[in-house]
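My entries follow the order in which I looked.

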Amino acid sequence: MSISVGQPVPDFTATATGDTQLSLSELRGKQVVIYFYPKASTPGCTTEGGDFRDNKAAFDAANTVIIGVSRDGIRAQENFKAKQDFNFTLISDKDETVCRLFDVIKLKKLYGKEHLGIERSTFLIDVDGKLAREWRGVKVKGHVAEVLEAAQALHAGE
């Protein structure tokens with residue numbers, strides 16, 4: 001199942017950092033950026049998370065919450081968040097419920113071997129819970145600036 005732009009994003013509840021459960025429905029009234037990354041504490045994922053961290057004030061000004069998601073366990077997510085001083089929530093999606101909702105589990109190749117993994121992807125959800133934008137197969141460099149621009153434009157249009 002995949003969500004299309006303009007459609008409501010189904011509610012979900014997931015284990016999040018800070019010993020919490022996060023439900024998408026709790027964030028209604030705010031824009032939400034959900035970004036999926038392959039693995040905590042790897043170079044690309046650290047850079048991407050750092051870019052979101054460094055732009056959080058601008059996302060806040062655009063009424064936008066940032067959430068990072070990977071299949072790492074909650075302890076790995078907590079360590080990643082603490083080590084990188086991330087100022088936003090990370091979700092542990094070990095059972096891939098959220099990943100499958102957004103259809104980000106893809107066949108990937110690493111060292112000639114195929115495996116299922118997360119395709120780096122980002123989704124922008126509007127204040128009414130509808131998918132406003134999506135980015136799939138993301139390249140880290142410049143990506144957060146593009147997402148921020150889209151969040152600001154969406155916020156200005158409301």
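**Ground rules.** I take helices (H or I, at least four residues) and strands (E, at least two) as DSSP runs, numbered from the N terminus. The model is predicted, so I note that local features need pLDDT of at least 70, that side-chain atom pairs count only at pLDDT 80 or more, and that totals for chains, interfaces and linings use all residues. Residues are numbered from 1 along each chain as its sequence is written, and side-chain values use heavy atoms, with hydrogens and water left out.

Entry: I worked on a 1 Å grid over the protein atoms alone. A pocket is an open set of points with protein on both sides within 12 Å along at least five of seven lines. A cavity is a set of points where a 1.4 Å probe fits but cannot get out. Lining residues have an atom within 4 Å of a point. Grid points are joined across faces, edges and corners, and a volume is the space filled by probe spheres set on the points.

The largest pocket holds about 200 Å³ of space. Its lining is made of Pro38, Lys39, Arg71, Lys108, Lys109, Leu110, His115, Leu116, Gly117 and Ile118. Which strands each supply at least two residues of this lining? I found β6 (105-110) and β7. β7 gives the most, with four residues.

I then sorted the lining by class. Ala, Val, Leu, Ile, Met, Phe, Trp, Tyr, Cys and Pro count as nonpolar; Asp, Glu, Lys and Arg count as charged; the others, Gly among them, are polar. The pocket lining has four nonpolar, two polar and four charged residues.

**Entry: the cavity.** I counted one cavity of 30 Å³ or more. The largest cavity has a volume of about 40 Å³. Around it I listed Leu24, Leu27, Arg28, Lys30, Val32, Ile125, Asp126 and Gly129. They divide into four nonpolar, one polar and three charged.

**Entry: helix α1.** I checked the length of helix α1 (residues 43-54) next. The expected span of a helix is 1.5 Å times one less than its number of residues. For the 12 residues of α1 that gives 16 Å, and the end C-alpha atoms are 16 Å apart, which agrees.

Then I looked at burial. I call a residue buried under 20% relative accessible area, exposed over 50%, and partly exposed in between (1.4 Å probe, protein chains only). The buried residues of α1 are Cys45, Glu48, Gly49, Gly50 and Phe52. I count a contact when heavy atoms are within 4.5 Å. The buried residues of α1 pack against β3 (31-36), α2 (56-61), β4 (64-70), α3 (74-84), β8 (121-125) and α5 (143-156).

**Entry: salt bridges.** A salt bridge is a side-chain nitrogen of Lys or Arg within 4 Å of a carboxyl oxygen of Asp or Glu. How many salt bridges does a search of the whole structure find? I got nine.

Glu48 pairs with Arg120, and their closest N and O atoms are 2.7 Å apart. Glu48 lies in α1 and Arg120 in the loop between β7 (113-118) and β8, so the pair ties together parts that are 72 residues apart in sequence. Both Glu48 and Arg120 are buried.

Lys56 pairs with Asp60, the closest N and O atoms being 3.0 Å apart. The two are four residues apart in helix α2, so about one helical turn separates them. Asp60 is partly exposed, at 42% relative accessible area.

Arg71 pairs with Glu96 at 2.6 Å between the closest N and O atoms. This pair links distant parts of the chain, 25 residues apart: Arg71 is in the loop between β4 and α3, Glu96 in the loop between β5 (89-92) and α4 (97-101). Arg71 is partly exposed at 27%. Glu96 counts as buried at 13% relative accessibility. I also noted a network of salt bridges that links Arg71, Glu96 and Arg100. Arg71 had already turned up in the lining of the largest pocket.

Entry: Is Leu124 buried or exposed? Leu124 is buried, with a relative accessible area of 0%. Leu124 lies in strand β8. Leaving aside neighbours within four places in sequence, Leu124 has contacts that include Val32, Trp135 and Leu154.

Leu107 is in strand β6. Leu107 counts as exposed, at 55% relative accessibility. Not counting residues up to four places away in sequence, Leu107 touches Glu114, His115 and Leu116.
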